Amino acid sequence: MNNEFHYDYKTVQGFVLSAIFWGVIGLVIGLLISAQLWDANLNFGEYFSYGRLRTLHTNVLAYGLGIGAEFGLFYYIVMRLTKRPLVLPKLARFHLWLFNAGMVLATLSLFIGMNQSLEYAEFEWPIDIAIVILWVLFAINVLGNVFTRKEKNMYVSLWYVIATIITVAILYIVNNLAIPSTLFKSYSVFAGVNSANVEWWYGHNAVGFLFTTPILAMFYYFLPKSTGLPIYSHRLSIISFWSLIFAYLWTGAHHLVYTPLPDWIQTLGIAFTLFLIAPSWGSVVNGYFTVDRDWSKMRTQYLTKFFIVGITFYGLQTIQGPSQGIRVISSLIHYTDWVPGHVHMGTMGWVTMVICASVYYMIPAMYKTTIYSEKIANTHFWLVLVGQLMFSITMWITGIQQGAMLKMTAADGTLQYTFMETLVRNYPYWQMRTVAGIIFVVGMLFFVYNVLMTIKKGNDLAKQAA
Amino acid sequence: MSNHENSIYSKALVFSVLAAVTVLIGTIVTVFLPMFTSGMHPKTENLTTYTALQLAGKDIYMSEGCVNCHTQTVRPLKADVLRYGDFSKAGEFAYDRPFLWGSKRTGPDLARIGGKYPDEWHIQHFENPQAFYPKSNMPKYPWLKTKKLNPADIKAHMDTNGFPYTEEEMAALADQTQLDALVAYMQVIGASVAKKEAIVVDPANVEQANPMGSSPEAVAMGQAIFKAECAGCHGQNAEGNIGASIVDYAQAGNADADTYVTVANGFEGAMPSYAAKLSKDKIWSVVSYINSLKQ
Amino acid sequence: MQEEFDNLEEFSREDTENALPLGWLILFIGLIVFGIYYVYAYTPAFTGWTQEKQLEQSMQDMPK
């Protein structure tokens, strides 16, 4: 089937390149802060001290790499699934430029210490307003396309896209409600225990609706596209979708186990967190059974392994995460390095893996060419896999070790170890984590090179044709 | 995907509304409704609003990202209570917009830091944490003492929070540094509840003579603990710094039991207690080391 | 310029009409049942369990 229009791929490509740019910055900062943890001499003055850079690391990667890539990939998926170009292509172009301008300002604001101290919502109110505007611009185009689509049915990926747009808007606006005091400083409308409850409702669902549902949207689209195998069970897709988005919003309190938050809210949060294993594994099982029809794809189609390993880490993540919510496990590993180990399995093993695979599929598809080098893509795959596993496993070990040491009591009922004694035992593991990070970053540089060379290849082809 | 003619998957508006309702149910039950109950807005009896200097300090705490490494909530768990003190109460945080409980303890919890050390401890520790704990990974914060506060901004911040202040208080800010503010904030954290240590040694129950004796092993063990935990205040060679000279103390010839009780229980506002953090033998070995300093 | 469409049919073939895997369905229902029990057991209004009581119990063997 053909039609007389063309998709607005320039904006899509712009977002992918922007995401790569911010991603590299965020990763390099990640390496530096990983080393600061075992050598305090690597803190270089005010602007390059750990407290500022840790905040920068998570935000640049979450907003720059994660959301930047999602903007691009969503525009692509939505155009394809609605069978029409973006309703407002110029607005999308403006969205791209505003995104990058906003990222520059957001980065500078964190450097100078404009920090609300709300995890994953550190940006102060002027940046918050810019982010809301960005989201509205994005929603106008995506929902505009969905409402004027040339295809009767909405495919699974579109469900996840719509849920993402609606939920993130609610979460972000409510959690950032604050009274501006000066240009650089505001105070939350929520105080104390109540603000904790709001923040972790936001915090956990930011993970849910920025790093789960969007990645599932990509997974459900790009897995069938790259393997030629349709998703195993439509019914499983439906029940997983609705139960996932229903249960997610109850679970934020698992971040507040054994805090002054009322017990009943903690308990509800833990119960729903455990339930989340089911809808998460619905997608995992659906992915496995999809490829189950022809496992040789793992060898013959290089992207299959990105998706299958990615969804496997999603599966592990969604067993580990709920387990951490249970009180007895929380009491051991909460506040230790176990948790960054958990988070990085999700971001490095699942989110980045699927985003990279989606970009690998999409860039050649847009240029009507093939990937520059499958070999480089495979090298990238193995490096990021090894880097991520080394990262997560070292953090789990040292997290359990420190958690156990902090709990241990001597025969007379006093504590066995001082805080410093438990801290220094982390250093060898933290050094290994830095090595793991380097391996991962090198893997990502292979990815960046491969994408840039594929674009060059596509441009050369277009020139020849012209 | 089957083509059910009238499924919600072909009606974008109906679908979107349903999705919004689905995500709002859990939101309303666990977040929005509790907001309107008094249980979410408790206030401890002795809780006072922040002074201008303390609020400025809290803002620096937020600005520097301290929350990345330090929690401010003691869990109702035995090990937490032993290490940090009484577990956190919901009413302690009524003036924190937002809460600063944190999610990671790269450094220790700070919910009970107020009054634990004298101001001078914080001043020196922010300047150079490694002088207290050589293997600490906390960054140095030397710039704090060079930066003056901005009274106009702080006034606006106080107004936004609705905290009372006097003009003299505001005028005094102009001479003060970020370090002064941060230290003032440190000292008010957790101040609304009475200090409650999990183990307080009763002097009547303490052995009169040091059971660890004066063996070289006991002295060496005590010295190692002293260097790790005490040397920051009392000096690497016990010559004194923020805290008294332990060499001089040893000369005075205090009773073993008194030394033991001092180390175990500390002095509020001047010296932390160690009764829950070091075993009896360890504390006695510190006594052995102190006795060995007598010339 | 002409654009090729994604063929949604290729996502929608008859072979997506598979039933829910039984093992997964057992997990789904099992977690709901466990969740109901957990909420009952650890909600102060139902059983009187609180985290403060739990602490008191664990502190009984503390030396004085």
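## A serine in a loop of chain A

A:Ser117 sits in the loop between helix H3 (89-111) and H4 of chain A. Helices here are DSSP runs of H or I with at least four residues, numbered from the N terminus. Although A:Ser117 is not a glycine, its phi is positive, about 60°. Is A:Ser117 buried or exposed? With 24 other C-beta atoms within 10 Å, A:Ser117 is buried. For that label, 20 or more other C-beta atoms must lie within 10 Å of the residue's own, with C-beta atoms placed from the backbone.

A word on the model: it is predicted, so local features need pLDDT of at least 70 and side-chain atom pairs count only at pLDDT 80 or more, while totals for chains, interfaces and linings use all residues. Residues are numbered from 1 along each chain as its sequence is written, and chains are lettered from A and ligands numbered from 1 in the order in which they are written.

## Two helices side by side in chain A

Now look at helix H2 (residues 50-82) of chain A and helix H4 (residues 125-147) of chain A: their axes come within 9 Å and cross at roughly 15°. That makes H2(A) roughly parallel to H4(A), a label for angles under 35 degrees. The axes are lines fitted to C-alpha atoms over the stretch in contact, and angles run from 0 to 180 degrees between N-to-C directions.

Who meets whom? On the H2(A) side you'll find A:Phe71, A:Phe74, A:Val78, A:Met79 and A:Thr82, and they meet A:Phe138, A:Val142, A:Asn145 and A:Val146 in H4(A). Being in contact takes C-beta atoms, placed from the backbone, within 7 Å. Sorted by type, the residues of this contact are seven nonpolar, two polar and no charged. Nonpolar covers Ala, Val, Leu, Ile, Met, Phe, Trp, Tyr, Cys and Pro, charged covers Asp, Glu, Lys and Arg, and the others, Gly among them, are polar.

## Where the chains touch

Chain A puts 73 residues into the contact, and chain B puts in 77 residues. Helix H6 (residues 192-210) of chain A supplies the largest share of chain A's side, nine residues. That side of chain A divides into 40 nonpolar, 24 polar and nine charged residues.

## Two backbone spots in chain B

B:Arg97 and B:Pro98 are joined by a cis peptide bond, with omega at about -5°. You'll find B:Pro98 in the loop between helix H3 (78-84) and helix H4 (119-127) of chain B.

B:Ala238 is in the loop between helix H8 (216-234) and helix H9 (246-252) of chain B. B:Ala238 is not a glycine, yet has a positive phi of about 65°. B:Ala238 counts as buried, with 24 C-beta neighbours inside 10 Å.

Definitions and conventions: Two residues are in contact if their C-beta atoms, placed from the backbone, lie within 7 Å. Angles under 35 degrees count as roughly parallel, over 145 as roughly antiparallel, 65 to 115 as roughly perpendicular and the rest as oblique. A residue is buried if 20 or more other C-beta atoms lie within 10 Å of its own, exposed if 12 or fewer, and partly exposed in between; C-beta atoms are placed from the backbone.
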